[in-house]
Amino acid sequence: MRLRRIFTTSVLVLFSIITMVAQEMEMPAIPIDPAVRIGKLDNGLTYYIRHNDYPEHVANFYIAQRVGSIQEEDSQRGLAHFLEHMAFNGSEHFPGNGIIDFTRSLGVEFGSNLNAYTSIDQTVYRVCDVPTKRITAIDSCLLILKDWSNGLLLDPKEIDKERDVVHNEWRLGESPSQRILTRALPKMYPGSRYGERMPIGLMSVIDSFKPQTLRDYYHKWYRPDNQAVIIVGDVDVDHIEAEVKKLFGGITVAANAAKVVDVEVPDNPEAIYIIDKDKEMQMSQIMVMMKHDATKAEDKTNMMYLLEMYVKSVVSEMMNARLTEMTQEADCPFFQAMAEDGQYFYSKTKDAFTFIAIPKEGKEKEALAAVIREAKRMAEFGFTATEYERAKADYLSSLEKAYTNRDKRRNDEFGDEYRDHFLTNEPIPPLDKLYQTMNALVPQLPVELINQSLPELVTATDTNLVVMMLCQEVEGKQYLTEEELREVVNTTRGEQLQAYVDNVKDEPLMTEIPPKGKIMREKSNATLGFKELKLSNGATVILKKTDFKDDEIVLQAFSKGGKSLYGPADYNNLKVFNEVIGYSGIGNFSSNELSKVLAGKKCNADATLSVTRQNITAHSTPKDVETMMQMMYLYFTKINKDEKQIQNLMTSLGMALKNKYLQPEAVFSDSLDNTLYSHNPRFTSLQPEDLKTINYDRILAIAKDRFKNAGQFTFVIVGNFDEATIRPLIEQYIASLPADKKAKPDNCKDVTSFAKGKVKNHFKVKTDSPKAIAFEVWSADAPYTLDNVVKLDAIGQILSMIYLKTIREEESAAYSCGASGNFNLQGKKPKMILQAYCPMNPDKQEIAIRLLHEGMENASKNMDADIVNKVKEYMLKQADDDAKKNNHWLNVITTFKDRSIDLQTNYKKTVEALTPASLQDFLKNKLLSSGNHVEVVMLPESK
Ligand SMILES: [Zn+2]
């Protein structure tokens with residue numbers, strides 16, 4: 001979008017606004033947050049260092065390279081990404097797996113907190129959540145950044161080992177969209193290198209390149225003048241700056257070093273039509289892209305760019321609201337559609353206003369026409385004042401939310417912002433300045449100004465138009481031709497359109513406020529730090545005030561019962577219960593009217609059933625807490641039947657279910673559930689023919705039944721609420737809820753049918769993507785205690801490390817693999833479940849399955865003390881992190897009230913007490929001794 005030009009047409013309006021605002025602020029340049037120290041060494045290396053002590057005692061370390069797969073020569077396709085893998089396989093100061101081993105000893109987990117990614121024009125490495133109490137840990141992480149920058153060993157033996165790992169990653173990502181994109185890119189980017197640089201590259205290159213070819217890429221592009229190091233966290237900025245200068249200052253850049261040159265994407269004077277199909281596509285997809293130049297890096301430094309971003313965000317929001325509203329009409333030709341302005345697929349030099357639609361079966365032409373029509377309607381008539389009011393209110397409340405929380409921003413957020421500032425010159429203003437500026441500006445930008453920018457976004461001719469139709473391949477099916485698509489576009493362009501009419505319901509969420517109830521008594525729980533209120537209708541409310549986030553309040557209400565209370569006649573109703581209730585309205589509002597009346601509010605509530613409980617989950621900012629309470633009240637008292645929405649839900653579910661098994665992963669997942677739950681129809685997944693038995697009235701009746709007695713519910717509220725404000729709201733909206741004090745306490749039934757003994761299910765599927773997956777589950781009955789929870793979790797993590805080392809690193813039999821330990825609490829007897837998951841290389845499936853078994857057996861005989869210590873370190877650090885999250889406390893308190901177990905107070909003590917002997921004993925005598933072991937393996941059928 002070229003706002004610069006748009007605004008020249010209305011330059012007077014804008015100019016007056018800007019001068020007005022400018023008198024109070026230093027404009028028009030966007031200020032850079034003074035809290036970050038930015039510097040550049042003589043060799044060109046940029047650094048960003050920021051002290052941030054939320055949370056305390058941890059820091060993040062990044063190195064961002066301004067290069068990616070677009071810099072590859074033809075002989076190097078895939079090597080930018082391969083290089084990223086080699087960064088974890090031996091460097092000057094950390095030979096072998098030294099980086100992974102060292103960071104693990106700090107409690108930093110490979111894959112989550114230690115990771116990297118490669119894209120077309122950037123490669124970014126990170127070590128996150130590093131404990132900063134020891135200065136040596138900080139200095140070692142800087143040394144890791146230094147090694148990444150220019151100290152990789154690229155040992156030929158390690159390279160050979162990694163070829164399979166990358167090949168496995170390619171296989172894991174092998175999917176219809178990957179196949180189609182690989183074919184489509186050269187057509188989307190004719191005459192541009194962008195057409196041939198998917199980062200995963202060519203397997204022919206991966207399998208056979210010479211180590212020198214990889215070194216060539218590394219030394220040519222990984223240089224200080226293409227790099228930035230970013231350190232954010234609880235650190236001494238002066239110390240870090242001195243270390244960065246010492247470590248990186250000596251690196252030199254050759255005088256004739258190659259320059260990173262942006263690759264242009266040429267305009268297309270003729271429309272580009274791409275039609276493709278794939279058997280595993282679950283549903284067809286239409287993309288309409290209207291290309292325009294991306295904002296240049298040098299144009300992102302002044303106020304105009306903030307305005308441009310604002311306009312883009314409200315325009316997409318208003319367009320998306322229209323498209324969503326359309327889906328509620330039965331004759332809408334698409335299930336879903338959305339629009340957004342952003343990168344033209346993945347090129348930073350070209351943007352596009354892009355529509356994506358999922359057409360209903362046989363309605364491909366109509367769906368394409370509908371999208372073109374909405375683009376045209378938007379360009380011709382613009383948006384209405386009421387649509388804009390809502391979009392503006394949403395924007396301002398998001399801004400307000402970010403501002404309220406400005407002192408509690410996490411390191412990742414800063415890290416990502418500084419990365420984008422380095423790579424693409426995105427602004428990094430201090431939040432208070434941004435807040436003041438936008439709050440002053442936005443209310444003065446009229447809808448007319450937004451509307452004037454629209455014709456620039458929409459291509460009215462064939463120039464820069466790209467239409468992509470991706471179809472599900474079905475035997476005997478006729479596909480649309482390029483000619484037909486062209487005709488749809490041309491005919492639609494010639495239509496006479498009417499302006500959009502915005503139907504808004506002009507009434508409050510609740511027209512009648514119920515008579516207040518009362519808080520009867522209260523007591524405190526000193527251990528977990530909460531207050532417990534008993535209300536006049538019998539309900540219990542738990543209040544835990546925190547200051548972890550200034551803008552967050554979370555709520556969970558629950559009572560026992562849930563799906564377990566209903567029998568076979570309702571199984572299908574129960575399987576769609578949560579979606580159906582979510583799609584229904586509340587009060588006098590349909591779900592679409594609801595989204596309009598909630599514009600500008602940051603809150604939500606949902607009513608759901610789990611196997612053993614009925615729940616309301618909700619969240620809000622302190623400002624919108626009353627609206628959240630009202631929504632919750634209405635879920636208890638008045639769910640609004642919305643036939644139209646549910647009809648739509650059923651049509652799209654029907655489509656999704658019909659095509660679900662085209663994906664091997666879905667076949668696997670269903671077989672797994674069937675085996676784990678002994679083919680109990682309560683737990684099997686929904687089939688297309690089941691939809692006929694769904695009864696909306698019955699689902700509403702179940703909802704009514706489950707939420708009729710608020711007196712049996714416990715409401716847990718955690719976060720930054722003001723107690724004086726929330727107490728009257730509790731009396732108003734919770735104590736007033738209908739209740740039956742004479743009813744006997746709700747309970748749930750034991751309906752579990754988890755597999756016992758040894759069960760094996762091996763099967764083959766015939767698909768285009770040859771996939772092999774193994775899943776192992778060991779289970780045992782055991783009391784739900786803190787000790788068992790901690791041990792089970794630790795063992796899952798220990799096995800994950802073992803599997804990663806043996807299956808991925810040593811044998812290259814899988815790209816990913818892992819294990820986890822959790823309790824299943826669906827029945828009377830709690831069950832410990834330890835599961836291992838491995839999407840394998842089909843050629844090495846025997847090795848992978850053998851190692852899954854061996855890892856477990858060996859651990860039960862001889863637990864590696866070093867691994868145990870690393871896992872303990874990680875769990876302790878995680879516990880400190882969790883203790884500062886509202887949702888963690890919501891879960892702790894809910895579990896405490898529902899299951900009478902305190903997962904918080906002695907947690908760290910229990911972790912500290914873990915020993916290799918105690919874990920080994922637990923695994924052998926508590927878990928494996930039960931003899932319950934389920935194995936499900938899917939293999940590809942040779943074609
Ligand atoms: Zn990778």
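This is a predicted model: local features need pLDDT of at least 70, side-chain atom pairs count only at pLDDT 80 or more; totals for chains, interfaces and linings use all residues.
**Stop 1: the seven-stranded sheet.** Select β12, β13, β14, β20, β15, β18 and β17, which is their order across an open sheet with mixed pairing. At the edges are β12 (519-525) and β17 (603-609); each has a single partner strand, so one side of each is left without a neighbour in the sheet. Going from one strand to the next, the twist averages 15 degrees.

**Stop 2: a strand pair within the sheet.**

**Stop 3: helix α25.** Select residues 723-733, helix α25, and show the side chains. Ile726, Arg727, Leu729, Ile730, Glu731, Gln732 and Tyr733 are buried here. What do the buried residues of α25 pack against? Their contacts are with the strands β12, β13 (530-535), β14 (540-545) and β20, and with helix α21 from the previous stop.

**Stop 4: the hairpin of β9 and β10.** Move to residues 334-344 (β9) and residues 347-359 (β10), two antiparallel strands joined by 10 bridges. Methionine 338 stands opposite isoleucine 356 in β10. Two residues lie between the strands of this hairpin, and phenylalanine 345 takes a positive phi near 50 degrees.

**Stop 5: the second largest pocket.** Finish at the second largest pocket, with a volume of about 1000 Å³. Centre the view on Tyr784, Val789, Asn891, Thr895 and Leu903, which are the closest to the pocket centre among the 40 residues of the lining. Then select the elements that each supply at least two lining residues: α26 (786-810), β23 (818-824), α28 (865-882), α29 (886-899) and α30 (907-912). Which of these gives the largest share of the lining? Helix α29 does, with eight residues. Colouring the lining by class shows 17 nonpolar, 17 polar and six charged residues.

Key:
Residues are numbered from 1 along each chain as its sequence is written. Side-chain values use heavy atoms; hydrogens and water are left out. Two strands pair if DSSP finds at least two bridges between them. Helices (H or I, at least four residues) and strands (E, at least two) are DSSP runs, numbered from the N terminus. Axes are lines fitted to C-alpha atoms, for helices over the stretch in contact, and angles run from 0 to 180 degrees between N-to-C directions. On a 1 Å grid over the protein atoms alone, a cavity is a set of points where a 1.4 Å probe fits but cannot get out, and a pocket is an open set with protein on both sides within 12 Å along at least five of seven lines; lining residues have an atom within 4 Å of a point. Grid points are joined across faces, edges and corners, and a volume is the space filled by probe spheres set on the points. Ala, Val, Leu, Ile, Met, Phe, Trp, Tyr, Cys and Pro count as nonpolar, Asp, Glu, Lys and Arg as charged, and the others, Gly among them, as polar. Buried means under 20% relative accessible area, exposed over 50%, partly exposed in between (1.4 Å probe, protein chains only). Contact means heavy atoms within 4.5 Å.
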